[in-house]
Amino acid sequence: MSIDWMVAGLSTLVIMVAALVHGIAGFGLAQVSMGLMPLFRTPGSASVIFSIVAVLANARVWWSVREDFEWRSWALPVAGLAAGMPLGIYVFSNLSEAQLRIAVGITLLIAVMLIAAMRQVDMVREWFQDLGFEPGWKTAVVAGFFSGILGGAVAIPGPPMILYGTFMVANDFWEGGKMKAIFTAFFGTLMLYRVGSLAVAGQVTTPLLVEAAVALPGLLLGAWLGIKIYDVIPQRIFRWLVLAMLAINAILLLITAVPE
């Protein structure tokens, strides 16, 4: 397998844009990367490159909030992840390119809806209070389990953990810094697990490793630009614009997969 440097350059550009969006809006690294790359390359190769890059991206962010990290809050969803990831990898290895596009598109739409709901913290708090639901260790394990399935299958593990994290913050069990520390540690662990599993399965090839290495400077540049721009533009407007663009992108993925 040789490297198509035009595709590699486009992948680097997408990852840079994803990191920039993440730096400004606080989300979007997986959604933008896995939403756009399958439009010009196979979803399988896109997910491998993103997974490698995501390990370092999450480690970088986690280091900045490591003081808020709590081992138990990380270990419980990781226990679920350990069981869910093999199922996700199995699904990934048995889906066609068109099926992967559809899976990515659907997961992206779910993520957009959950992120939009997360922005309405007061509404979410009232909803959870009306349900009378109290979290326990089983909730964390289940969230990690389903994130492991989605992470293994389409490299977008966010929706279950977004829902779980929103609940924990809305009900004052977590603060923002703790959620960021737990999320980055969890998603970094998930992607490291995914890369290792795919490597054992023979799907992490040398050309894909080279492309991931080429994309790293784009990731760092995008993150740096995002942080610089953060205080310049209206946050609320930008976040809703990103969500709208991700929703459109998900629909495009679904449309392009249908004829196949």
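Select S73 and E70 in this predicted model: their side chains make a polar contact at 2.6 Å. The side chain of S73 also makes a polar contact with that of K178, at 3.5 Å. S73 is found in helix 4, which covers residues 71-94. Is S73 buried or exposed? With a relative accessible area of 10%, S73 is buried, because the limit for that class is under 20%. Apart from residues up to four places away in sequence, S73 touches W174, K178 and I182.

Keep E70 and K178 selected. The two form a salt bridge, in which the closest N and O atoms are 3.2 Å apart. E70 lies in the loop between helix 3 and helix 4, whereas K178 lies in helix 9, so the pair ties together parts that are 108 residues apart in sequence. Colour both residues by accessibility: E70 counts as partly exposed at 35%, while K178 counts as buried at 17%.

Next, select W174. This residue is placed in the loop between helix 8 (158-170) and helix 9. W174 is buried, with a relative accessible area of 4%. Which residues are in contact with W174, leaving aside its neighbours within four places in sequence? They are S73, Y164, G165, M168, V169, M179, I182 and F183. Then draw a distance from the C-alpha atom of W174 to that of D68; the separation is 10.0 Å, for residues 106 positions apart along the chain.

Continue to helix 9, residues 176-200. The 25 residues of this helix should span 36 Å at 1.5 Å a residue, and the end C-alpha atoms are 36 Å apart, which agrees. After helix 9 comes G202, whose phi is positive, near 80°.

Now display the largest nonpolar core, which has 69 residues; F50 and F186 have the most contacts inside it. Helix 9 contributes the largest share of this core, with eleven residues. Centre the view on F50. Leaving aside neighbours within four places in sequence, F50 is in contact with L29, A30, S33, M34, M37, A155 and M191.

The buried residues in helix 2 are L29, A30, Q31, V32, S33, M34 and G35.

Move on to R41 and E211. Their side chains meet in a salt bridge, with an N to O distance of 2.7 Å. Where do the two residues lie? R41 is in the loop between helix 2 and helix 3 (43-64) and E211 is in helix 10 (residues 206-229), so the pair ties together parts that are 170 residues apart in sequence. R41 and E211 are both buried. A search of the whole structure finds two salt bridges.

Finally, clear the selections and view the whole chain. The protein chain has eleven helices and zero strands. Of its 260 residues, 49% count as buried. Among contacts in the protein chain with a separation of 6 or more, 83% join residues 24 or more positions apart.

Definitions and conventions: Residues numbered from 1 in each chain as written. Predicted model: local features only at pLDDT ≥ 70, side-chain atom pairs only at ≥ 80, totals over all residues. Heavy atoms only, no water. Helix = DSSP H or I, 4+ residues; strand = E, 2+ residues; numbered from the N terminus. Buried < 20%, exposed > 50% of the residue type's maximum accessible area, 1.4 Å probe, protein only. Polar contact = N/O pair within 3.5 Å; in protein donor to acceptor, adjacent residues only side chain to side chain. Contact = heavy atoms within 4.5 Å. Expected span 1.5 Å × (residues − 1). Core = buried A, V, L, I, M, F, W, Y, C linked by side-chain atoms within 4.5 Å. Salt bridge = Lys/Arg side-chain N within 4 Å of Asp/Glu carboxyl O.
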